[in-house]
Amino acid sequence: MFTKPHSSSKAPIVRNPRACTVCRAAKMKCVGAEDGLKSCQRCTRTGVECVFEKHRRGRKPGSKLSEASKMLRRLEKGLNTAKLKQSDSSLSTVFPADPRTPQADNTQFGGLQSSDAYGSTDGYAASSVSSRTVDPEEEEDGERSDEKFPAKLIRRENSFFRTILNPEHKSPMLHVPRNPYLPQSLRPAPLPIGYNDPITAGLINENKAKILFDAIFLRLNPFINLFDPALHSVAYVRSKCPLLFTTLIMAGCKFFEPSLYKECLRLANDLAVRAFAEGWKRVEVIQAFSCLTYWREQEDNRTWMYIGYACRMAVELGLNRYHAKPPAHETEFQLRERRNRERTYLVLFVHDRSLSMQTGRHWMLPEDDFVRHSDTWHEQGGTPIRCEDVIVSAFAQLRRIATEATDMFHTNRSLSDGGNSQVNIDMVLKNCNAKLALWTSTWEHEMRKANGESFHFSFTNLFCLYSSLFLNSFGVQSSVPPANRTNSHVRALSACFENALNVLGIASKDFREFGVLRYGQETTSVMTAYSAIFLLKVINALPPNLSKVDVLALATPEL
C-alpha cells in the first residue's frame, strides 16, 4: 500500500466544466465547445444560449431535471439580462426570408427582441412552427401557476425532453445582404417567400408610408385608440410584423389613397391567411386582425371571427396579466411596449363587449383583475396623460356597466314566465342610469386633466349616450309586462328618445364640424344607424296627426 505524499505547496486542480448546462442536464456528451468559448452542436441546433457554469453539488435527488427545465424556460423566454445590451442577438424565423427585403436577424418578424422585466421577449414569445414555442400558460402567474390543470401538468413534464432530446432543425434562411446603415432593431421583417407588403410590391415607398402613418394617427387612430404615435413608427411596425404594416397602409389608402386600396387590401388578406395558417402569435398580429374589422367592406362578414381569434390569442399571450407595480429599472421604450400590450387587451375587451351588445352573442373576454383595475390605467403611463389612454380606461369601465345591466336583463328574459319576472326592470334601469351619470362626470373630469380637445369629449359622450339608449330600450321593448308599463316605461322611452337624438346630433354636427365623420370605425356607424332606426320606429308608432313639437313634448314629459 502506497501513501500519496502530501505537498502543501501544490496548487489545487481547478477543472473547467466539460459540458454546458443543456448537455449536462440531458446527460449527453457536449460536442463542439470543448474550449467553452463557442456554442456546442446541441445548443446551436436548438437555438438556445450555450452556458458553462460550475456544477452545483449537493442538490437533492430529483432536483436536476427541475432546475434544468426551469433554466431552459428562462433561456427561451429571454430572461438573460445581458441580451438587453446585445444588438446582435437573434432567434430563428418561422419562414424563409424573402430576398426582396433586407433580412433582419433571425427573429420571427425580424428586429431586436429585448427582454422586459416580466420575462417576455418583445412582450411575449412569438409562435413558430417549432414545438419548442414557449407557451404563455407555462408562466408562473399567481393562482394559475399550480399544476392542477391537466394540460399544464403534461406540458411541463414533456417540455424538457421535447427541447433537449428532440432538437429540431430550423428552416433554411436565404442569404440577403444587410443594410449596415439601418439599425438592427428597425430592419424590415422578413416576408414569406411569395408575399409582399405595399413597399416591396412597389405600390408606395417609405416616404409615402410615413405620410400615410401621419394621416392614420391624425384621423383614424382617435377612433380606435389602439396605437401610440411615439412607438408605432413606420420603421418600428415594419420591423415587427408585415401583416400589421400592410393592414395599416391598407386602412390609410382607403381614405387617403383610394387608387391603391384594393391592392393593399389583397396583400393584407393574403398575409392574414398566412398568419392564421402558420399560427403567428404576437401582439402586432392581434392589432392587425382588429384593424381588419374597423373599416371593413360592407360585404365582409368576418368581424366576429377575427375578433374571436384575436381574443383567444390575447389570452394565450398573457396580455391580460395584471401587475400592480411596474418593473424596476424600466426604460421609456420598455414602458411604451408594455403599455402597448396592455392597451391592446383593453381595446380588444371593449370591442368584444361592443360586439356582444350589437349581436346579442356572448362576450369572449372575462372581466379579470386587469380589467377591474383599469380605471387608473391611464395614469400609469407617465406625464402628460394621453387623451387616447383616458378613452381606453373610460370605455373599459363603460362596458363593465353595460355588461352588468345587460346580463340582468337577459336573466330577466330567461326567467320570466307568463309575465312574472324575477328582475325589477325599473330598479335595474335606475341603478344603471345613476352609474352612467357618475361615469360621465368622472371621465369628463379625467379628460379635462389630460387637456382633452372637443373631439375627445364628444367621442366619449357618444358612446355613453348610445349605451344609455341601448340599456333603456329594455324598458320599452315588448317583453316588458304590460302591468309594468307605467311611469318607468315612459321614463325609459323618454331617455331613449333623448339619447338617440343626441347621438345623431354628435355624429351629424360635432363630427362634421371636426371633419372626422367619414373616419369612424364600424362601431360608430352601428351606433348612429341604431339611433336613427329607433327614432323612426318611435315616430312611426305615434298617431300621424302629431307634429314634431308634440313628439318632442311626449318624449320629454315632466314626471
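Here are some notes on the predicted model above, point by point.

1. **Ground rules.** This is a predicted model in which local features need pLDDT of at least 70 and side-chain atom pairs count only at pLDDT 80 or more, while totals for chains, interfaces and linings use all residues. Numbering starts from 1 along each chain as its sequence is written, and side-chain values use heavy atoms, with hydrogens and water left out.

2. **Overall make-up.** The chain comes to 18 helices and zero strands; helices (H or I, at least four residues) and strands (E, at least two) are DSSP runs, numbered from the N terminus. Of the 559 residues, 48% are buried, where buried means under 20% relative accessible area, exposed over 50%, and partly exposed in between (1.4 Å probe, protein chains only). Taking contacts (heavy atoms within 4.5 Å) between residues at least 6 apart in sequence, 74% join residues at least 24 apart.

3. **Confidence.** Mean pLDDT (the predictor's confidence in each residue, from 0 to 100) is 76 for the chain, and 65% of the residues score at least 70. The pLDDT is below 50 over residues 61-66, a stretch with four contacts beyond near neighbours in sequence. Residues 78-143 also have pLDDT below 50, but that stretch has 204 contacts beyond near neighbours in the model. Where pLDDT is low, the predicted coordinates should not be read in detail.

4. **The cores.** A nonpolar core here is a set of buried Ala, Val, Leu, Ile, Met, Phe, Trp, Tyr and Cys residues joined through side-chain atoms within 4.5 Å. The largest has 111 residues, and Phe213, Leu243 and Ile249 have the most contacts inside it. Helix H13 (residues 387-415) gives the most to this core, with 12 residues. Leaving aside neighbours within four places in sequence, Ile249 is in contact with Pro198, Ile204, Ala209, Leu212, Phe213 and Cys264. Another core of 10 residues lies apart from the largest one, with Ala19, Cys20, Cys23 and Ala33 among its members.

5. **H9 against H11.** Helix H9 (residues 283-294) packs on helix H11 (residues 332-359) at about 35°, with the axes 10 Å apart. Those axes are lines fitted to C-alpha atoms, for helices over the stretch in contact, and angles run from 0 to 180 degrees between N-to-C directions. The crossing is left-handed, that is, the near helix is turned anticlockwise from the far one by less than a right angle. H9 brings Val283, Ile286, Gln287, Ser290, Thr293 and Tyr294, and H11 brings Asn340, Arg341, Thr344, Val347, Leu348 and His351.

6. The Thr383 to Pro384 peptide bond is cis, with omega near -5°, and Pro384 sits in the loop between helix H12 (369-372) and H13. His329 has a positive phi of about 60° although it is not a glycine; His329 lies in the loop between helix H10 (303-316) and H11, and is exposed at 79% relative accessible area. Asn451 likewise has a positive phi of about 60° without being a glycine. Asn451 is in the loop between helix H14 (425-449) and helix H15 (454-472), and is exposed at 64% relative accessibility.

7. **A buried Asn.** Asn499 belongs to helix H16 (residues 487-514) and counts as buried, at 8% relative accessibility. Not counting residues up to four places away in sequence, Asn499 touches Leu465, Ser468, Leu469 and Asn472.
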